[in-house]
Amino acid sequence: MDAKKIKKPTKVAKPKITKTKVFEVIFVLAWAGLSLIASQLVIGLPMMWILGERFSQPLWTCIYYGLNYSLALALVMLFPPKLAKMWRKKHETSGEGTAQKWLELSPVSLGVDKWPTFVDIGLAPIGYIVYSVLANLAMNLMQIFPWFQSDQLQDVGFGYFITTGDRVLAMLAIVFIAPIAEELIMRGWVYGKLRAKVKIGTAIVLTSLLFAVLHGQWNVGVGVFMLSVVLCSLREITGSIWSGMLLHILSNGIAFYILYIAGF
């Protein structure tokens, strides 16, 4: 056989890390983080100033949750597409106008382009088991650091419960409003945008780091980092955020029951 006729396997070019790609990744992470922080300040500070001590009442705290996450969703979902449109209009003559199309909002990029399936529902409790194991391992590993306080409770804003209605309002905010909004933003918008620019592992780690940092506590951050890893993985497996959203609701629901119902 003629050696000249033997074709050498073609090498697959590795995706290059460019300045533009780095800037785009930083923009996604910074925009989501700043939007969530800004919404807390814009909604929370005026409510605290107007209501004073009444702000800790379950009704007002629940209203805060709704307004806070509504504003965060609006900032994350609506402004980047407008920026992309402005970019294209400015650069369309130079042929660079399509460069920012990935910022536009679409059901596919959010992971909501199809309805939930029985597979999504079935994977949620399995994901919870995996998350619990990973979180416990990570928490035990972090015990080697003397400054790490594993028993520090997360401040969710609800100061006290008097009536059953108070608990219902708290459950609505913690178990449903927060997980649904956070999944749309973090595993929907953030992970969807990052996944279009970087590899799976990088997108999972960056999304999870942002999610952990935004919770503001070391012990909580370690747990939600592992939760985010599982949530992002579920999006990769199912192609949507529904399974992760159900897992997030399940996780918050179990934590709510343990802290505020069983321990009452």
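E182 has its place in helix 5, helices being DSSP runs of H or I with at least four residues, numbered from the N terminus. The model is predicted, with local features requiring pLDDT of at least 70 and side-chain atom pairs counting only at pLDDT 80 or more, while totals for chains, interfaces and linings use all residues. Residues are numbered from 1 along each chain as its sequence is written, and side-chain values use heavy atoms, with hydrogens and water left out.

E182 is buried but has no salt bridge, and the nearest side chain of opposite charge, that of R187, is 5.4 Å away. Buried here means under 20% relative accessible area, exposed means over 50%, and partly exposed lies in between (1.4 Å probe, protein chains only); a salt bridge is a side-chain nitrogen of Lys or Arg within 4 Å of a carboxyl oxygen of Asp or Glu. In assigning charge, Lys and Arg count as positive and Asp and Glu as negative, whereas His and the chain ends are not counted. The side chain of E182 does make a polar contact with the side chain of H248, at 3.4 Å (a pair of N or O atoms within 3.5 Å, where within protein one must be able to donate a hydrogen and the other to accept it, and residues adjacent in sequence count only if both atoms are side-chain atoms). Apart from neighbours within four places in sequence, E182 is in contact (heavy atoms within 4.5 Å) with Y69, R187, F211 and H248.

D120, found in helix 4, is likewise buried without a salt bridge, the nearest side chain of opposite charge being K114 at 6.2 Å. When residues up to four places away in sequence are not counted, D120 touches W115, T238, S240, W242, S243 and L246.

## Salt bridges

Side chains of opposite charge can pair when their charged atoms come close. The structure holds three salt bridges. R187 forms one with E183, the closest N and O atoms being 2.7 Å apart; because these two residues are four apart in helix 5, about one helical turn separates them. Both R187 and E183 are buried.

E236 and R195 meet through their side chains in another salt bridge, at 2.7 Å from N to O. E236 lies in helix 7 (residues 218-238) and R195 in helix 5, so this pair ties together parts that are 41 residues apart in sequence. E236 is partly exposed, with a relative accessible area of 32%, and R195 is also partly exposed, at 30%.

The side chains of K197 and E24 form a salt bridge as well, at 3.2 Å from N to O. This pair links distant parts of the chain, 173 residues apart, with K197 in the loop between helix 5 (164-195) and helix 6 (200-214) and E24 in helix 1 (residues 19-51). K197 counts as partly exposed because its relative accessibility is 21%, whereas E24, with a relative accessible area of 5%, is buried.

A203 lies in helix 6 and is buried, with a relative accessible area of 0%. Leaving aside neighbours within four places in sequence, its contacts are Y191, L194, R195 and V198. The C-alpha atoms of A203 and V190, which are 13 residues apart along the chain, are separated by 8.8 Å.
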